Amino acid sequence: MTQKVAVLGTGKIGEALLSGMIRAGWTPADLLVTARRPERAEELRTRYGVTPVTNPEAAKTADTLILTVKPQDMGTLLDELAPHVPADRLVISGMAGITTASLEARLAAGTPVVRVMTNTPALVDEAMSVISAGTHASEADLAHAEEIFGAVGKTLRVPESQQDACTALSGSGPAYFFYLVEAMTDAGILLGLPRDKAHDLIVQSAIGAATMLRDSGEHPVKLRENVTSPAGTTINAIRELENHGVRAALIAALEAARDRSRELASGNGK
């Protein structure tokens, strides 16, 4: 872990990466950060002991550059970076919908690029980060990306052609669960429970269900059937979910997220 790593555009996800890397053994002196606001950069220096630099300085100094800006800001960032990035730098992009080919076209010929889609549970070290190699990325480059993002959760390698689907499922995925918890909390209130009690009941149920899915090895259908007694309460609820098209709505929602990721990749997204 003697290589210098720079996190560019250090927002919440970038800060989560910094924090996780330090806990995993990286030395703060080997971590560089850039931020749009000087006060934000100074806050990161104070909190973690990392070194704030400009984007061009990061490109010249760091061995690995992690781009964590919004996709809409990619053009501005690359205008600053491209003239200063040698072809032996590893560039890791965490920008939704931005292909490795589009980054390679803006960087020096042969620059290794790795694309990563992570999600907000990185803030609590429970991220799901999906990793794909660009044309020039080596096995060592992929392993390095896994080491970095493994500090804040799990990693999974996929072909880049599957990245838009992964963005829809796991990149945006936490929002769907938050939305579901919000709706169930409202239902609990409607059924006569105080908001705080409804929230606690639902959150613990969600944690328990997720743990069973992860640890039991059972198919979700089997786990659902174990809860669903004949003529019981659960099957009545499931019937209403089916009557209201919840399954179809979820499929349509994920397709819409995938399509938006493709729009960003094509340059049609704003």
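**A chat about a predicted model**

Colleague: Where is aspartate 125 found?

Modeller: Aspartate 125 is found in the loop between β6 and β7. Helices (H or I, at least four residues) and strands (E, at least two) are DSSP runs, numbered from the N terminus. This is a predicted model, where local features need pLDDT of at least 70, side-chain atom pairs count only at pLDDT 80 or more, and totals for chains, interfaces and linings use all residues. Residues are numbered from 1 along each chain as its sequence is written, and side-chain values use heavy atoms, with hydrogens and water left out.

Colleague: Thanks! What is phi of aspartate 125 near?

Modeller: Its phi is near 60°, a positive value in a residue other than glycine. Aspartate 125 counts as partly exposed, at 31% relative accessibility. Here buried means under 20% relative accessible area, exposed over 50%, and partly exposed in between (1.4 Å probe, protein chains only).

Colleague: And alanine 231, buried or exposed?

Modeller: Alanine 231 is exposed, with a relative accessible area of 78%. The loop between α10 (220-227) and α11 (233-243) holds alanine 231. Phi is positive there, about 60°, although alanine 231 is not a glycine.

Colleague: Changing topic: in what order do the strands of the sheet come?

Modeller: The 8 strands form an open sheet in the order β3-β2-β1-β4-β5-β6-β7-β8, with mixed pairing. Two strands pair if DSSP finds at least two bridges between them.

Colleague: Which strands stand at the edges?

Modeller: Those are β3 (51-52) and β8 (153-157); each has a single partner strand, so one side of each is left without a neighbour in the sheet.

Colleague: How many bridges join β7 to β8?

Modeller: There are 5 bridges, and β7 and β8 run parallel. Alanine 127 stands opposite glycine 153 in β8.

Colleague: What lies across β6 and β7?

Modeller: Helix α7 does, running at about 175° to β7. Axes are lines fitted to C-alpha atoms, for helices over the stretch in contact, and angles run from 0 to 180 degrees between N-to-C directions.

Colleague: At what angle do α7 and α8 pack?

Modeller: Helix α7 (residues 163-171) and helix α8 (residues 173-190) pack at about 35°, with their axes 5 Å apart. Ala168, Leu169, Ser170 and Gly171 in α7 meet Gly173, Pro174 and Tyr176 in α8; contact means heavy atoms within 4.5 Å.

Colleague: Now the inside: how many residues has the largest nonpolar core?

Modeller: That core has 26 residues, and Ile66, Ile92, Val114 and Ile148 have the most contacts inside it. A nonpolar core is a set of buried Ala, Val, Leu, Ile, Met, Phe, Trp, Tyr and Cys residues joined through side-chain atoms within 4.5 Å.

Colleague: What does isoleucine 148 touch?

Modeller: Not counting residues up to four places away in sequence, isoleucine 148 touches Val5, Leu17, Met21, Trp26, Thr64, Ile66 and Ile92.

Colleague: Last one: which residue does UniProt list for "binding site"?

Modeller: The unreviewed UniProt entry lists Asn55. UniProt positions are given in the numbering used here, feature names are shortened, and annotations may be inferred rather than shown by experiment. Asparagine 55 is in helix α3 (residues 55-61) and counts as buried, at 12% relative accessibility. Leaving out residues up to four places away in sequence, asparagine 55 touches Leu8, Thr34, Leu77, Glu80 and Leu81.
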